[in-house]
Amino acid sequence: MTTGEPHTGKHTGPPKRRAPVVSTKGPVLSLVINTWRVSLLFVFWHFVSALVWLRNHTSLPKWLGGDGREVGVRLWTIAWLTFVWVLLWGTVSWANVIGGVVLAIAVLTVLPLPRVPVEGRIHPLSVARLLVRMIVDFFVSSVQIGWMALRPGRPPLGAVVRVRVAIKSDMVLTLAVDYLNLVPGTMVLEIDHRRRMLYVHVFDVRSEKKVRAFYDQVAYVERMFIKAFERDSEWHPSPYHGIDEDFHHVRPIEPVDGARPAEEPDRTTGRSDRGGS
């Protein structure tokens with residue numbers, strides 16, 4: 001060490017070389033590992049090939065559906081009927097589960113339900129937000145109606161209000177109507193299928209603020225259901241869309257002479273043509 005240089009306590013010699021990595025696997029173990037990898041790749045390749053062959057050479061039963069979305073609805077129906085069957089027996093067993101599946105398939109085959117157009121896609125996060133909002137609205141509306149029933153004074157003024165929604169799918173429209181019916185204070189009395197018009201009985205419309213709150217609620221429900229199930233960028237009309245109109249012989253709407261045509265709802269802003277009655 002040279003005089004005057006600080007002592008760092010570190011060794012300043014040449015760097016040590018790392019010892020070469022020597023495999024501890026013997027030739028037999030290496031052969032077994034390589035054979036396992038090749039076998040796994042062989043099995044996976046033939047499994048995928050079998051799936052492709054089945055898709056090209058097999059077809060699903062007609063009652064199960066024509067596309068993936070309808071098949072999903074049918075499978076969900078089978079699972080739900082099986083669940084109800086097990087609940088009725090009160091015991092979870094293989095016999096009850098298999099019996100429920102067989103019974104559900106028999107019901108869908110012998111007593112088929114009308115085809116429901118399955119359109120759009122499901123977005124779980126938007127659905128979760130919608131469910132949370134529905135629970136909040138349920139409790140808030142229950143407290144408000146309870147207070148209206150207990151407080152002294154004149155009873156609230158109810159009315160039937162007309163509101164138009166920009167929901168395309170009949171299934172999504174049914175879910176939106178169920179949402180409004182589950183929340184206390186609103187009850188859908190009539191649905192104009194062609195014009196997408198709802199006639200809703202509102203519990204309290206004594207002021208303009210109450211009416212505006214109702215319209216804001218419907219606008220939120222409309223916007224969230226479109227965002228959760230039928231966004232414009234993902235909308236794919238089902239081949240069965242409008243089949244109920246043909247069955248019931250629904251005629252197209254003919255404009256009245258001198259009447260102004262109804263404005264189409266704006267799907268981008270979530271606003272729609274509404275009027276009160």
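With three residues, α6 gives the most to the lining of the largest cavity, where helices (H or I, at least four residues) and strands (E, at least two) are DSSP runs numbered from the N terminus. The model is a predicted one, in which local features need pLDDT of at least 70 and side-chain atom pairs count only at pLDDT 80 or more, while totals for chains, interfaces and linings use all residues. Residues are numbered from 1 along each chain as its sequence is written, and side-chain values use heavy atoms, with hydrogens and water left out.

A search of the whole structure finds one cavity of 30 Å³ or more, a cavity being a set of points on a 1 Å grid over the protein atoms alone where a 1.4 Å probe fits but cannot get out, and lining residues having an atom within 4 Å of a point. The volume of the largest cavity is about 40 Å³, taken as the space filled by probe spheres set on the points. Its lining is formed by Val165, Ile167, Ala176, Leu180, Leu198, Val218, Val221 and Glu222, and the elements that give two or more residues to this lining are α5 (170-182) and α6 (208-229). By class, seven of the lining residues are nonpolar, none is polar and one is charged, with Ala, Val, Leu, Ile, Met, Phe, Trp, Tyr, Cys and Pro counted as nonpolar, Asp, Glu, Lys and Arg as charged, and the others as polar.

| Helix pair | Axis approach | Crossing angle |
|---|---|---|
| α4 (residues 124-150) and α6 | within 10 Å | roughly 160° |
| α5 and α6 | within 10 Å | roughly 140° |

The crossing of α4 and α6 is left-handed, meaning that the near helix is turned anticlockwise from the far one by less than a right angle, while α5 passes α6 in a right-handed crossing.

Strand β3 (residues 197-202) runs antiparallel to β1 (residues 159-164), to which six bridges join it, two strands being paired if DSSP finds at least two bridges between them. Arg162 stands opposite Tyr199 in β3. Six bridges also pair β3 with β2 (residues 186-192) in the antiparallel sense; Thr186 has Val202 as its bridge partner in β3, and Val188 has Val200. In the hairpin of β2 and β3, four residues lie between the strands, and Arg196 takes a positive phi near 55°.

How values were computed
1 Å grid on protein atoms, 1.4 Å probe; cavity = no way out; pocket = protein on both sides within 12 Å on 5 of 7 lines; lining within 4 Å. Axes fitted to C-alpha atoms, helices over the stretch in contact; angles between N-to-C directions.
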